[in-house]
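Hi,

Here's the structure I promised to pass on.

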Amino acid sequence: MSLFQSVGCFVVVSFLWENCSLSSSSRDEVLRDKRAQIMSRGLPKQKPIEGVKQVLVLASGKGGVGKSTAAVNIALALAANDSTKEVGLLDADIYGPSIPKMMNLKGNPELTPKNLMRPLKNYGIACMSMGFLIEETAPVVWRGLMVMSAVEKLLRQVDWGHLDYLVIDMPPGTGDVQLSVSQNVPIAGAVIISTPQDIALLDARKGAEMFRKVHVPVLGLVQNMSVFQCPKCKHETHIFGADGARDLAKSLELDVLGDIPLHVNIRETCDSGQPVVISQPQSDAAKAYLRIAMEIVKRLPVPPA
Amino acid sequence: AERSNLAGVQHVLLVLSGKGGVGKSTVATELALALRLAGKRVGILDVDLCGPSIPRMFRVQDSAVHQCDSGWVPVFAHQDKSISLMSIGFLLEKPDDAVVWRGPKKNALIKQFVSDVAWGELDFLIVDTPPGTSDEHISTVEALRPHKPLGAILVTTPQAVSVGDVRRELTFCKKTGLRVLGIIENMSGFICPHCSECTNIFSKGGGEELAKHAGVPFLGSVPLDPQLSQSLEDGRDFIQEFPKSSAFPALAHIAQQILDGTSPRSS
């Protein structure tokens, strides 16, 4: 046997020896690690947004449960509870942006010398939304790929300045936008909003599961439109059912961060662009939002310095 | 040529809204029940892949879909096979499983839903959509185009943020050549069961004004009715069981307008 052949044999034998000497479980582990390594190369890397300390996401799975209304009021409540904090609000609902109307903001954002969009500000909150970039009646009829690049622009090509909290109002569903945001940005916590109806809870559960899949911590559930009190006779009606969200929270082992009742003034103030936390801070509704903001801050991890 | 699975369907109706949570699935369900009461054979295609509500509203969420020679067999909501349903809810292993898909996968499934479900002979196929104007909508309209859908019913709540989104949806319909059959204003006012005082929780009149402004028919205002929400939770037939409830007259009137609009006219 030549030297080359004997070295070759030695290599083969030692390779076989090594693999035989590994137990099957540690071999599986090695395989698993290698697979994870290869898979992770393909996934987008999470990059924090410049200037933003913590990102808070408001989602639900179901449409029309009050995400935008809550996002606006919670952002204002976070600022009201602690006036030293700077808060920003991003409307990630590309198809149905509600934030401009609720924050009474209109117009195209200016560009900074660095070619970043300057967020529009009202009530001390810096806002960015697709609604500022399109006409009021123009629909956004885009497939997922374009939506992803739009969301990326709304996240990173904005001059947010220095923010303690960036509240992201998510669209309904568990699709492209939710995935893109969760995969590209480190999220400090997610809050799920739901009404008490079973139909809404079914989707809220899917929303919570989606966040678990992408490893985003869910801070808790907010029960919206919990009960309606007739302004005339004070009789209480549970129009959308009672306490369903509390039961869901228990089954998912999540905290209920708060209950928001159905009040005409919440809708009226949002429609007129003067959210209830700012325009009627003594009302029950405003107090509910302020309490929820406090509970959220309690559950967020300590922000980086 | 092979007979398409939609060849036996007389009329295809889409229920759209730019806004979420305004009651699209509710309207689709109640319309189907009302048309069934009028003796029609109805099918509902639920293309909301992330939040399929239709199986729950008929209390058949645990049913499974079977295959036949021409494709998937729709799930029947009642023994008499008068309402057939197809939804991703029936294809999930557990009803709580989340469908976290990107656009291309959703498009593929929607194409299959349109072409591979053996609907058989139907008078109406109602398509329940998710909110927005995205992949699902583009794919559904494209897939249904050869079957010449009758048109779209737009649902809104009266408040300004809803009306704003539905205005966008109207433009979407115009751009895609989808005829707008009319606008429904849902959750229009709440009548206290105790003192009968009407409170406009979500405002009032926004949908009607939008219809007038856009020159499309206004199909009616449906009030907030806790009995309607409850019967949907329980999967009951609201149209048959609660004819005296506050939402019934409006829903019956809407169904009548659809029937009138599709009745054979003598030339």
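Across the interface of chain B and chain A in this predicted model, the rule finds five salt bridges (a side-chain nitrogen of Lys or Arg within 4 Å of a carboxyl oxygen of Asp or Glu). One to click on is A:Glu136 with B:Arg167, where the closest N and O atoms are 3.7 Å apart.

Which elements of chain B give two or more residues to the side that touches chain A? They are helices H2 (54-57), H3 (103-115), H4 (135-144), H5 (160-176) and H7 (226-234). H5(B) gives the most, with eight residues. By class, that side of chain B has 23 nonpolar, 18 polar and 13 charged residues (Ala, Val, Leu, Ile, Met, Phe, Trp, Tyr, Cys and Pro count as nonpolar, Asp, Glu, Lys and Arg as charged, and the others, Gly among them, as polar).

In total, 54 residues of chain B are in contact (heavy atoms within 4.5 Å) with 54 residues of chain A. The two chains bury about 4,700 Å² between them, 59% of it on carbon and sulfur atoms; that is the accessible area (1.4 Å probe) that two parts lose on being put together, summed over both.

B:Asp135 is worth a zoom. This residue is found in helix H4 of chain B and is buried, with a relative accessible area of 3% (buried means under 20%, with a 1.4 Å probe and protein chains only). A polar atom of the B:Asp135 side chain lies 2.7 Å from the backbone nitrogen of A:Gly144. Leaving aside neighbours within four places in sequence, the contacts of B:Asp135 include A:Tyr95, A:Trp142, A:Arg143 and B:Asn107.

As for chain B overall, there are nine helices and twelve strands (DSSP runs numbered from the N terminus: H or I of at least four residues, E of at least two). Of its 267 residues, 62% count as buried.

Bookkeeping: residues are numbered from 1 along each chain as its sequence is written, and chains are lettered from A and ligands numbered from 1 in the order written. Local features need pLDDT of at least 70, side-chain atom pairs count only at 80 or more, totals for chains, interfaces and linings use all residues, and side-chain values use heavy atoms, with hydrogens and water left out.

Cheers

Methods:
Buried means under 20% relative accessible area, exposed over 50%, partly exposed in between (1.4 Å probe, protein chains only). A polar contact is a pair of N or O atoms within 3.5 Å; within protein, one must be able to donate a hydrogen and the other to accept it, and residues adjacent in sequence count only if both atoms are side-chain atoms.
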